Amino acid sequence: MHNKLSFKIRIIILSIFCVIGISMLIYTAIGNRLINNEKATTKQNKNEKITAINPKNNKDDNKVKDAQNEKQKQIDSFTEKGYEDFGAKNYAVSIDEENQALQLDDNNARAHAVKGIAICYSKLDIANFNQGLAEIDRSLQIDPNYGYARFNRALTLERFGKYDEALIWYDKALQVENFVWSYYGKACIYGRKGDVDNSVKYLKVAISMQANIKDEAKNEEDFANVKNSDAFKQLVY
C-alpha cells in the first residue's frame, strides 16, 4: 500500500510540474507577443509623430518639384520657339530664344544645336561660321549621338562650301538617325559636283521617304548641274 501511494504521489507531482511547465511556456509566448505588439505600436506612433511634427518637409519637397517642372517647361518653350523661328527664317529671334533657354540650362543640347545653325544662317561670313559651329560642337559635347546636331554640322559645312567634310557629317548623322534631309543634303552636294549617279541615288531615297521632296528638288538650285540629265528628269518630273 505504501509503495502504491508513493507511486501515485510521484505521478501527481510529475503532473503538477508538467502543468507548471506548460503554463510557463504559454505565459512566455503571450508575453513575447505583447512586447512585439507594443514595439510595433510604438514605432508606428513614432513615425506618425514625426510626420505630424514635420508636415512642412512634404510641402517643401512638392514646392521644389513644382519649381523644377515649371523651369523645365520654360526651357522647352524657349527651345521649341527658337526652333520654329529658325524654320521661319527669323534667325535673330531664334538666337535670342535659344539664349533664354540656355540661361536656364546651359547643358541643353537642342538649344545649342538650334542656336548654332541659326547663327550660321543669319550671315554668310567666317565669323558666323566659327561661332555657329562652336555652338553645334557644344551640343555634340553634351550628347555625341544627337542626330540633329550632327545634321546641323553637316548643313553648316555644306553652306560654307566644305562639301567633302559635309558628306562625312551627313553620313555620321545617318549613323544615329535615318533622317530624310540628310539624304537630301547628300544629293544636293553631289548635284553641285555634277555627279549625276550619286545625286540621283540619294535623292531617290529622300523621295521614297517623303514624296513632297520631289517638288522641293524641282526648284533646288543645287541640282543645276544635273537637272538636265535623263536620270534626274525621270526621277523628278
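The following paragraphs treat aromatic pairs, and then charges placed over rings.

This is a predicted model, in which local features need pLDDT of at least 70, side-chain atom pairs count only at pLDDT 80 or more, and totals for chains, interfaces and linings use all residues. Residues are numbered from 1 along each chain as its sequence is written, and side-chain values use heavy atoms, with hydrogens and water left out.

The structure contains 12 aromatic pairs. Rings of Phe, Tyr and Trp (its six-membered ring) are paired if their centres lie within 6.5 Å; planes under 30 degrees apart are stacked, those over 60 edge-to-face, and the rest tilted. Tyr83 and Tyr148 form an edge-to-face pair, because their planes stand at 70°, with the ring centres 5.8 Å apart. Since Tyr83 belongs to helix α2 (residues 55–87) and Tyr148 to helix α6 (residues 147–159), this pair ties together parts that are 65 residues apart in sequence. Helices here are DSSP runs (H or I, at least four residues), numbered from the N terminus.

Tyr83, at 35% relative accessibility, counts as partly exposed, whereas Tyr148, at 11%, counts as buried. Buried means under 20% relative accessible area, exposed over 50%, and partly exposed in between (1.4 Å probe, protein chains only).

A tilted pair is formed by Phe223 and Phe232, at 5.3 Å centre to centre and 45° between the planes. Both of these phenylalanines are buried, and Phe223 and Phe232 form one aromatic cluster with Trp181 and Tyr184.

Charges also sit over rings, meaning that NZ of Lys or CZ of Arg is within 6 Å of the ring centre and within 35 degrees of the ring normal. Arg159 lies over the face of Tyr121, 4.3 Å from the ring centre. The charged end of Lys172 is placed over the ring of Trp169, at 4.2 Å from its centre.

How values were computed
Helix = DSSP H or I, 4+ residues; strand = E, 2+ residues; numbered from the N terminus.
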